[in-house]
Amino acid sequence: MEIAGKVFIVTGGASGLGEGTARMLTAKGGKVVIADMQVEKGEAIARELGGAFVKCDVSNEADGQAVVAQAVSMGKLMGLVNCAGIAPAEKTVGKNGAHALASFSKTITVNLIGSFNMIRLAAEAMSKNEPEATGERGVMISTASVAAYDGQIGQAAYSASKGGVVGMTLPIARDLARNGIRNMTIAPGIFGTPMLFSMPQDVQDALAAGVPFPSRLGTPQDYAKLAVHIFENDMLNGEVIRLDGAIRLAPK
């Protein structure tokens with residue numbers, strides 16, 4: 001797929017992995033719709049990139065429909081990158097008792113249901129596209145995490161949500177094959193994002209040192225480069241790619 005001239009939706013595009021991806025897609029000639037809850041940042045980045053911003057709770061059907069409508073109005077919608085997510089930490093039984101059911105439910109709602117909501121709505125719009133020379137009408141990329149496989153203490157909700165994203169990757173790809181739409185997932189390791197930068201510096205340093213090679217935090221640019229490659233390589237479909245420097249997380 002040629003990125004230049006195509007339209008892409010990036011959820012969570014106002015910061016972190018999503019912002020890095022939105023910037024790289026724009027640099028390659030794509031037009032980007034940033035879907036995020038951070039209005040001020042999202043609008044500023046959209047202005048800078050010459051794209052559009054739509055305030056969006058990814059788990060809300062009407063919000064998702066508004067994002068897709070905006071994208072379709074800008075040209076040929078060919079890509080979705082799901083980067084919106086939350087990462088609470090709470091033990092199954094902690095000092096204050098049992099894990100709050102509400103926080104578990106919210107994590108599943110945002111990370112898993114939100115990803116599927118955006119996929120289904122974007123796929124419906126893409127299915128109406130004239131196919132490219134490769135026969136494809138669009139590409140979906142969702143964000144899981146190495147926590148889907150190596151969940152740490154306090155990550156039951158987060159790991160469950162990301163495990164769900166991993167688990168639906170192949171069946172969605174199979175569902176959408178007849179429409180010429182590919183579906184992929186990236187599972188990042190320890191990345192330098194706003195969620196991680198909220199941790200103490202010594203914790204950040206210890207996490208970076210735990211990556212076999214390269215022994216550093218991943219960057220939004222690392223993620224964006226892989227997303228771009230997925231868009232451009234039409235044989236990539238129905239698979240989860242770990243982007244982690246060979247790290248395997250310890251229990252804590």
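The helices (H or I, at least four residues) and strands (E, at least two) are DSSP runs, numbered from the N terminus.

A word on what is on your screen: this is a predicted model, in which local features need pLDDT of at least 70, side-chain atom pairs count only at pLDDT 80 or more, and totals for chains, interfaces and linings use all residues. Residues are numbered from 1 along each chain as its sequence is written, and side-chain values use heavy atoms, with hydrogens and water left out.

Stay with β2 and colour residues 31–36. Five of these six residues are buried, so the rest of the structure largely encloses the strand; buried means under 20% relative accessible area, exposed over 50%, and partly exposed in between (1.4 Å probe, protein chains only). On one side, β2 pairs with β3 (residues 52–55) in the parallel sense over four bridges, two strands being paired if DSSP finds at least two bridges between them. Look for Ala35, which stands opposite Val54 in β3.

Next, select β1 (residues 7–11). Five bridges join β1 to β2, and the two run parallel. Phe8 has Val32 of β2 as its bridge partner.

Now zoom out to the whole sheet. Seven strands form an open sheet with parallel pairing, in the order β3-β2-β1-β4-β7-β8-β9. β3 and β9 (240–243) stand at the edges with a single partner strand each, so one side of each has no neighbour in the sheet. From one strand to the next, the twist averages 20°.

Further along the sheet, pick out β7 (residues 138–143) and β8 (residues 181–188), which pair in the parallel sense over six bridges. Gly138 has Ile181 as its bridge partner in β8. Then show helix α6 (residues 156–176), which lies across β7, β8 and β9 and runs at about 160° to β8. Axes are lines fitted to C-alpha atoms, for helices over the stretch in contact, and angles run from 0 to 180 degrees between N-to-C directions.

For a helix pair, select α3 (residues 61–73) and α4 (residues 101–126). Their axes come within 10 Å and cross at roughly 35°. Residues making the contact (heavy atoms within 4.5 Å) include Val67, Val68 and Val72 of α3 and Met118, Leu121 and Ala125 of α4.

Which cysteine sulfur is closest to that of Cys56? It is the one in Cys83, 13 Å away and too far for a bond. A disulfide is a pair of cysteine sulfur atoms within 2.5 Å, and by this rule the count comes to zero. Cys56 is buried, with a relative accessible area of 3%, and Cys83 also counts as buried, at 17%.

Go to the loop between α8 (201–209) and α9 (220–232), where you will find Pro214; the peptide bond from Phe213 to Pro214 is cis, with omega near -5°. Last, visit Ala246 in the segment after β9: Ala246 has a positive phi of about 75° although it is not a glycine.
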